[in-house]
Amino acid sequence: MGRILAIDYGTKRVGLAATDVLQIIANPLETVHAKDVLAYLKDYVQREPVEAFVLGMPKRLSGEDTDATQHVVGFHRLLQKTFPGIPVHLVDERFTSKMAQQAMLAGGMKKKDRQDKGNVDRISAAIILQSYLDSRTI
């Protein structure tokens, strides 16, 4: 059984999270620059078996696309082309940044660390991944 890797894609930073080997718990992994994300993923896939990718899809409250949606759609195509044997699941990422900030506050993270957007991106990716894991068990 391989890990499931979640991606919170942004044009500047990309938050990543991965499951444990039993695919039970989502853990924040890294934040990488958008231009380096494919190289990072290729390296990760060589080191760890990856069963699937989960990609956060930005939508407005109304369900309409956001300004970022087209960037994520383009990355989705690139991900499928680069890793044709690994399925990519799209997950609604509405409110994940807000939920990440609330989780950091509740966890007692210092204000300086909460303001680090890399931390927000990593935790957002973990929230996206946990949401996907929870939806599979229903």
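Reader: How many salt bridges does a search of the whole structure find?

Author: Side chains of opposite charge can pair when their charged atoms come close. This is a predicted model. The search of the whole structure finds 3 salt bridges.

Reader: Which parts does the pair Arg3 and Glu48 tie together?

Author: The side chains of Arg3 and Glu48 form a salt bridge, 3.0 Å from N to O. Arg3 sits in strand S1 and Glu48 in the loop between H1 and S4, so the pair links parts 45 residues apart in sequence. Glu48 is partly exposed, at 24% relative accessibility.

Reader: What separates Asp43 and Arg47 in helix H1?

Author: About one helical turn, because they are 4 residues apart in helix H1. Asp43 is partly exposed at 37% relative accessibility.

Reader: Is Lys35 buried or exposed?

Author: Lys35 is exposed, with 64% relative accessibility. Its salt-bridge partner is Asp36, with the closest N and O atoms 3.3 Å apart. Asp36 is partly exposed at 34%.

Reader: Now the sheet. In what order do the strands stand?

Author: Strands of a sheet pair through backbone hydrogen bonds, either parallel or antiparallel. Here 5 strands form an open sheet, S3-S2-S1-S4-S5, with mixed pairing. S3 (26-33) and S5 (88-92) are at the edges with a single partner strand each, so one side of each has no neighbour in the sheet. The twist averages 25° from one strand to the next.

Reader: Which strands does helix H1 touch?

Author: Helix H1 (residues 37-47) packs on the sheet and touches S1, S2, S3 and S4. Its direction makes about 135° with that of S3. Helix H2 (residues 69-82) also packs on the sheet, touching S1, S4 and S5.

Conventions
Residues numbered from 1 in each chain as written. Predicted model: local features only at pLDDT ≥ 70, side-chain atom pairs only at ≥ 80, totals over all residues. Heavy atoms only, no water. Pairing = 2+ DSSP bridges. Helix = DSSP H or I, 4+ residues; strand = E, 2+ residues; numbered from the N terminus. Axes fitted to C-alpha atoms, helices over the stretch in contact; angles between N-to-C directions. Contact = heavy atoms within 4.5 Å. Salt bridge = Lys/Arg side-chain N within 4 Å of Asp/Glu carboxyl O. Buried < 20%, exposed > 50% of the residue type's maximum accessible area, 1.4 Å probe, protein only.
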